[in-house]
Amino acid sequence: MIVETGHYALVLALALALVNSVVPLWGSIARDGRLMAVAPPAALMGFALVAYAYLALTIAHVVSDFSLINVVENSHSAKPLIYKITGVWGNHEGSMLLWVLVLSLFGAAVALFSRSMPDDLRANVLAVQSWIGAAFLLFILLTSNPFARLAEPPAEGNDLNPLLQDPGLAIHPPLLYLGYVGLSITYSFAAAALIAGRIDAVFARLVRPWILIAWISLTLGIAMGSYWAYYTLGWGGFWFWDPVENASLMPWLAATALLHCTVVMEKREALKIWTIFLAILAFSLSLVGTFLVRSGVLTSVHAFASDPARGVFILLILVIFIGGSFALFALRASGLKQGGLFAPISREGTLVLNNLLLTACCATVFTGTLYPLALEALTGEKISVGAPFFNLTFVPLFLPLFILMPVGQLLPWKRGDLTGVLQRLWAAFAAGLVFMAVLAAWRGGPAVSVILSGLALYVIVGSFADLWRRLTGSGVSVSGVSQRARGLPRHAFGTAFAHAGIGVTLLGLAATGWGTEKIISMKPGDRVTAGPYELTLEGVVPRQGPNYSELVGRTAVRGAKGNTVAMIEPASRFYPARGMSRAEAGIATLGLGQVYMSIADPAPNGSVNARIFWKPLVVLIWIGALIMAFGGCLSLSDRSFRVGIARRLRKAQAPSPQPAE
Amino acid sequence: MNAMICVRMLALAALFLLAPVAARAVQPDEIMADPKLEARARALSAELRCMVCQNESIDESNADLARDLRLLVRERLQAGDSDDQIRAFLVQRYGDFILLKPPFKLETWLLWGAPFLVLLTGGCVILFARRRQQSFAVSAPLSEAERAKLDAVLGED
């Protein structure tokens, strides 16, 4: 019964979305406040309905209602409760429902938290959001209904793909979707602004918190996904340039570019056309990502859908939304007046360069991901585009951004003095160079690692150069600094931390060059060194999990003095319901490095094949992402984003909007 | 050889057949004695696609085909082939599909050229926009009367 009500709620949500995609827009054209006022409550109700449908599906999974095809195909009565809940989005239908849930969540958030927005802009934003919602609800109901029943329910389900039965999966997709789908708000803002024909600094300020939320979620989601792949796929790799990963990287690159160019638009009223273009592009890339993953056009580790009807439907949505918005853009863009002028050497100048490089990076990932598909469709010829391609193209395009970051932070708006800025960065340059020299002398190893480590330290130190200057402007004293720190806007700290975070990630990536790898056959009692540690395989024991059996290689990790610093339990798990097995790596985090070990099933003579890595500083890769997200949160908490300020800004439009820097 | 061992071997074999074994990738018995050759083998393997897998190199893949290819690469290396000879041999056998780094040729110039095209186009657009902006920005300097007026306004503040 609850399943049917969930299904019905979804149909109601579609009807409501259709109403909400027309009425407010009509209201804004006819300048009728009552019609525009329909949008916020309808958005809230729409969210409530989708949330109810989602809850209904979750309940069906939790109680193992095997009369639902979706539950039969993706669940098992013996599956742990947490994977019954996360398994809801571990399949095509459920993940599309989560997609729409996040979409309507953002619509509801705009309805609740944007009271200070101009009424017509808010009505238009919610209307555009409802178009997207209606399209995807229709998609779910017509092609991917999670509530479809079976006439003769089986006694037991097929279980969830073992790779997905992992705590990492519990966090990864929802975070990623918050980012992916969060960009829909930016898109709706851009489309609404184009419809209203009003694109100014107020628009940039209103849309920035939403971009930040999406960006933070995407950053965390990608990092989480990468860590999940790192410890479940058992190769010790963390980024594979897999099309599905690329599908999440592209919106991240576009959102990063967008975040930076809205600053220019907000402060200087420049780059308006470009900002709108990027806002549309960022969500378009999210849609492309959804298409790639959900249509089954490429089947990879992540993609669990393959049904051409779905592909065509999403392609249609893609064409309508991307095509429609760019047509609107083409109509309106020529009417936009360009704002503030700036010299090439200025904050704006570096942000333009940042956008150029990020866009080129994004285009590289885009062509690299889609080119093989297009070539095969057009000529039938099959080629592969993998990591070696991206290392040669993406990496050289991305690296200059690291050099640019601290410089851009220090340059003033309008016109700057490059030599002065470089002088102020002396400490960062010195830190980077000394670090390189020390590493080269002490560790040696690959030159690339040494150089990138130096670059990373330069970025980390340089990110705080601006903050340092502003905090210690008139001498260093504890009281003076803390007083100034209170006076500084939070986003100044946010920028510093976000930039330092990517520097930290770069350091973690650079250090992979100093890692070691051993592939050996081990018998219980065998010892092997991994970096500064020694591993002893103490025994291979079978164990029984709730819905799997596993062979665990109990291994002691000993330090230089022979003391045991950690016990790791790499395992090879077998899931009988699907007849699949997967590795569970044994990982010991020691300082910032990790000992990583994965094993295969034992050979007849009792030995196991093991892959053992020592990965120095590897944790920094993900800690860097956390620091980036922390910086984003600091910026988000900046008082200039609080709604009251936006209202004052709007009211005080007449005396030139010069926000406090 | 007693029957007991045979039965156990059979049981194990059956187990292996039923369970696709995880985390194999490069196995200890594949590794070459010469570390230099082995390093070359690993580097080469990372650039070769396992054709039955989704976007995995033969170095990472657990598939049987990947193992066969890894052994093939090592065999050729042992025979004294150069990296290029091995790549050419594999392309001849399996087509360009096996190379994770696609060769630069007529069908792929757009792929390799895309980053540079975007940089170039973007650069041109920026230059063009600057030109246009500058032509707007250049305006006649203030006349004496205007300057006096401006000073008066600013003085009021």
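The structure is a predicted model, in which local features need pLDDT of at least 70, side-chain atom pairs count only at pLDDT 80 or more, and totals for chains, interfaces and linings use all residues. Residues are numbered from 1 along each chain as its sequence is written, while chains are lettered from A and ligands numbered from 1 in the order in which they are written.

**Domains of chain A**

Chain A is divided into domain 1 (1–165), domain 2 (200–322 + 330–406), domain 3 (425–512 + 628–661) and domain 4 (516–615); these bounds come from an automatic or database domain assignment. Between domain 1 and domain 4 of chain A, the C-alpha centres lie 42 Å apart. In chain A, 8 residues of domain 1 are in contact with 8 residues of domain 4, contact being defined by C-beta atoms, placed from the backbone, that lie within 7 Å. The side of domain 1 of chain A that touches domain 4 of chain A comprises 4 nonpolar, 2 polar and 2 charged residues. In this classification Ala, Val, Leu, Ile, Met, Phe, Trp, Tyr, Cys and Pro are nonpolar, Asp, Glu, Lys and Arg are charged, and the others, Gly among them, are polar.

**Strand pairing in chain A**

Helices (H or I, at least four residues) and strands (E, at least two) are DSSP runs numbered from the N terminus, and two strands pair if DSSP finds at least two bridges between them. An open, antiparallel sheet of 4 strands in chain A has the order 1-10-9-8. Strand 1 (516–522) and strand 8 (586–590) of chain A are at its edges, each with a single partner strand, so one side of each is left without a neighbour in the sheet.

| Strand pair, chain A | Bridges |
|---|---|
| Strand 1 and strand 10 (608–615) | 7 bridges |
| Strand 2 (527–530) and strand 3 (533–544) | 4 bridges |
| Strand 3 and strand 4 (549–558) | 10 bridges |

A:K518 has A:I612 in strand 10 of chain A as its bridge partner, and A:T529 stands opposite A:E534 in strand 3 of chain A. The hairpin of strands 2 and 3 of chain A has 2 residues between the strands, and A:G531 there takes a positive phi near 60 degrees. Strands 3 and 4 of chain A form a hairpin with 4 residues between them.

**Contact between chains A and B**

The contact takes 49 residues from chain A and 39 residues from chain B. Helix 13 of chain A gives the most to the side of chain A that touches chain B, with 10 residues. By class, that side of chain A has 25 nonpolar, 18 polar and 6 charged residues.

How values were computed: Contact = placed C-beta atoms within 7 Å.
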